[in-house]
Amino acid sequence: VADIPPIVIERQIDKSMSDGKLESFVSLFNDRFTTLSRLVRRNPSMRDAGTLSLLHPDEENQVIGMVAEINTFSNGKTKVVIEDANSRLNLMLNEKDGQSLNLLHDEVIGVAGKLNRRGDMLFVNSPIVRPHLGRYREAARSDEPYIALFISDIHLGSGTFKENEWNKFVSWLNGEVDYHKEWIPNPGYLVIAGDAVDGIDSYPGQEADLSITDVWEQYAVLSKSVSKIPTAIQTVIMPGNHDAVRLMEPQLPLPDKVIKDFGDNLTFTANPVLLNLAGVKVLCYHGKSLDDLVSLRDLSYDNPMAMMKELLNRRHLAPIYGAKTPLAPEKQDHLLIRDVPDIFVTGHVHSCGVERYSGVLMLNPGTWQAQTAYQKMMGFQPDPCRAIAVNLQTFDTQVLDFNF
């Protein structure tokens with residue numbers, strides 16, 4: 001195989017511009033609204049959408065707005081308030097729309113309908129339009145059959161970290177384990193999608209669950225382990241909610257204090273990040289916002305693929321502001337899905353899945369941590385010790401299971 005192209009970071013936050021001022025919040029939401037309303041307008045039915053302040057009493061109105069309020073009534077009808085830069089409008093949806101749409105606060109939608117006599121309510125009479133994913137397109141492919149390997153949520157330092165299986169994985173990368181050797185990415189890429197260590201203070205009483213109680217020591221042990229990975233495998237480490245970075249998203253790359261102990265074949269990125277691996281666009285997001293989506297109808301932690309579709313359909317990685325995912329008021333919205341990726345990777349929910357959707361290969365590799373007491377209490381069974389391999393030329397995939 002020819003020389004492998006280096007990892008290119010196409011889009012990520014480089015430094016925080018967040019100052020907590022009101023103007024930053026306004027700037028963030030304006031960026032979100034402008035970008036997403038442009039994508040809604042790509043739908044032919046929304047081409048002529050007007051502003052919320054210029055409505056026609058006797059005609060069909062097409063409008064685009066950000067969801068500000070959602071109220072469902074006992075008769076099944078749903079009243080929604082949307083807003084744009086200058087105005088607000090009440091919408092009335094019929095029962096099946098309100099229920100089946102899984103509307104979220106702060107998402108941007110397009111609707112069509114007629115005004116009531118008073119002119120203060122739009123009765124929606126057509127399907128709701130979400131930001132456009134574009135026409136189905138073939139994914140970009142690499143010129144050579146390079147392998148990209150995806151793992152997530154190692155949680156090194158946790159008492160339930162699967163150390164033996166992890167060591168087996170590292171030995172396998174070195175060609176020392178007789179198991180699916182054709183999928184070793186040598187040369188190739190390894191992407192670690194957040195929560196490389198278990199951290200400290202990630203949840204109340206975590207100390208009792210840790211085997212290493214110092215976060216810097218956790219990273220030191222990780223760097224020793226990662227240094228055994230062959231240098232021909234270019235490795236990416238992005239942070240997650242257990243790592244030593246701010247909890248607010250977007251998260252900056254791991255600090256220099258951590259990075260200096262790692263080898264040169266490692267790339268440390270922000271969360272989220274858009275990577276270019278040999279010409280293939282890979283959107284990586286650790287996935288904290290999946291905690292917000294799990295409350296929606298028909299969604300659950302054991303099916304991360306369904307939640308990832310909801311994010312792609314909204315062209316946003318964390319649609320709800322002020323829920324379980326803390327978002328930083330940066331000047332621009334780094335959680336917008338501005339470019340439709342070829343591969344979309346999340347972690348966080350410790351559940352393994354692979355699915356193709358609208359031309360995007362969606363992956364969630366699971367975890368390297370056995371069931372925790374908290375997960376047991378929640379009735380959640382993780383999928384530990386999996387890696388997902390993708391041939392970047394053919395897009396063939398293989399879930400590799402190191403529980404043997």
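Student: Which residue stands opposite Val282 in β13?

Tutor: Strands of a sheet pair through backbone hydrogen bonds, either parallel or antiparallel. Here Val282 stands opposite Ile343 in β13, where strands are DSSP runs (E, at least two residues) numbered from the N terminus, as are helices (H or I, at least four). Strand β12 and strand β13 (residues 343–346) run parallel and are joined by four bridges, pairing being called when DSSP finds at least two bridges between two strands. The model is predicted, with local features needing pLDDT of at least 70, side-chain atom pairs counting only at pLDDT 80 or more, and totals for chains, interfaces and linings using all residues. Residues are numbered from 1 along each chain as its sequence is written, and side-chain values use heavy atoms, leaving out hydrogens and water.

Student: In which sense do β11 and β12 pair?

Tutor: Strand β11 (residues 273–277) pairs with β12 in the antiparallel sense, over five bridges, and Leu274 faces Leu283 of β12. Two residues lie between the strands of this hairpin, in which Ala278 takes a positive phi near 55°.

Student: Why is strand β12 largely enclosed by the rest of the structure?

Tutor: Burial is read from relative accessible area (buried under 20%, exposed over 50%, partly exposed in between, with a 1.4 Å probe and protein chains only). Five of the six residues of β12 (residues 280–285) are buried, so the strand is largely enclosed by the rest of the structure.

Student: What is the order of the six strands in the open sheet?

Tutor: The order is β10-β9-β8-β7-β16-β17, with mixed pairing. Because β10 (266–268) and β17 (397–401) each have a single partner strand at the edges, one side of each is left without a neighbour in the sheet.
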